Amino acid sequence: MRSLSTLPKAELHLHIEGTLEPELILELATRNHITLPYATLAQLRAQYEFTDLQSFLNLYYENMAVLVTEDDFADMTRAYLTRAREAGVRHAEIMFDPQAHLARGVSLATSVNGIAGALASSESDFGISTVLIAAFLRDESQDSALSVLADLLEMKAPIIGIGLDSAEVGNPPSKFVKLFENARAAGLRLVAHAGEEGPPSYVWDTLDLLGAERIDHGIRSVEDSLLVKRLAREQVPLTVCPLSNVRLRAVDSLAAHPLPQMLASGLNVCLNSDDPAYFGGYAEQNFEVVATEFAFDTDTLERLAANSITSSFATVERKAQLLGELAAWREQAS
Ligand SMILES: Nc1ncnc2[nH]cnc12
Ligand SMILES: [Zn+2]
């Protein structure tokens, strides 16, 4: 099969802290004199066996301890952009978790300025247009989220929107109605994780109570045929992350992933890497594993890439440019 790193694509579901590779974690730990529970790469790598979302989140939050200065955040971001360019990512919508850094005593200015500083030149340095999304931790209170959102607005942080992530089950969308109201009133775009481990009712409520424009994951939607009909009718974008779902055991195996069923139902799905340093693959690898597993033809791969572009928050001009690149890729493919 032709390498799918040449397929022009947008990545819409990416946690920048989930791009911290083990090598960079240890390098930053040394630089910042942080003692992690793991002294060697082998010891750290041995932790990357997950049984569910929470088992991953525990390691993901623990490893963030190495992010201390603006330079650390900028280096992490540039490392992702370097790898994303190789993956054929032409536009990236990058989430970060400000509350996780605040809880460790790292200021909003440090995380925002470090990441946004690197993103400011992403197009000239890497050929990748980017936007930044502040994701709120659903296992924290809404009051905490409201206060951080107010601070982000006050400091005029260059964010295009907000997201909702972390432990889903037991933290339903209804907990964050006011947060999404405030973000909407501030002119921000709205996305949220739903239906990763949580039930289809969380997807309904993410649409109806929070007014989210995109659903991150959404794979459990297939359990509810009425919901599938609605998602198809409204063409709600679903940012699916196959390798993540396998590694966090949201599905029993790649073969059991509902992606083919979602495509057959006419859903607006695209492929993403979520936390690629933890789940064994970047954007092109997520395309390659499903292309192989499900024997997808060129039309299907093109559709997945087109969905990522049209569902993005890129400008109309940028979308047109990237769809043009995709058409050129198609020409070469045939
Ligand atoms: N896959 C995921 N689900 C929920 N929260 C996350 N934070 C980082 N990755 C996540
Ligand atoms: Zn995610």
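The exercises below work through the fold, the ligand shell and the packing of a predicted model.

Local features are reported for this predicted model at pLDDT of at least 70 and side-chain atom pairs at pLDDT 80 or more, while totals for chains, interfaces and linings use all residues. Residues are numbered from 1 along each chain as its sequence is written, and chains are lettered from A and ligands numbered from 1 in the order in which they are written.

**Exercise 1. Overall form**

Compare the radius of gyration of the protein with that of a compact globule of 334 residues.

Solution. The radius is taken over C-alpha atoms, and the globule rule is 2.2 Å times the number of residues to the power 0.38. For 334 residues the rule gives a value near 20 Å; the protein has 19 Å, which agrees. The C-alpha trace spans about 50 × 40 × 40 Å along its principal axes.

**Exercise 2. Shell of ligand 1**

Divide the residues around ligand 1 into nonpolar, polar and charged.

Solution. A residue is near the ligand if its C-beta atom, placed from the backbone, lies within 6 Å of it. The shell includes His 15, Asp 165, His 193, Glu 196, Asp 274 and Asp 275. Asp, Glu, Lys and Arg count as charged; Ala, Val, Leu, Ile, Met, Phe, Trp, Tyr, Cys and Pro as nonpolar; the others, Gly among them, as polar. The division is two nonpolar, five polar and four charged.

**Exercise 3. Helix 16**

Check the span of helix 16 and find its buried residues.

Solution. Helices are DSSP runs of H or I with at least four residues, strands are runs of E with at least two, and both are numbered from the N terminus. The expected span is 1.5 Å times one less than the number of residues. Helix 16 has 13 residues and reaches 18 Å, close to the 18 Å expected. Buried means 20 or more other C-beta atoms within 10 Å, exposed 12 or fewer, and partly exposed in between, with C-beta atoms placed from the backbone. Leu 301, Leu 304 and Ile 309 are among the buried residues of helix 16. Their cover includes strand 1, strand 2, helix 15 and helix 17, where contact means C-beta atoms within 7 Å.

**Exercise 4. Ala 109**

Is Ala 109 buried or exposed?

Solution. Ala 109 lies in helix 6 (residues 108-119). Ala 109 counts as exposed because it has 12 C-beta neighbours inside 10 Å. Its C-alpha atom is separated by 8.3 Å from that of Glu 70, 39 residues apart along the chain.

Note on methods. Contact = placed C-beta atoms within 7 Å.
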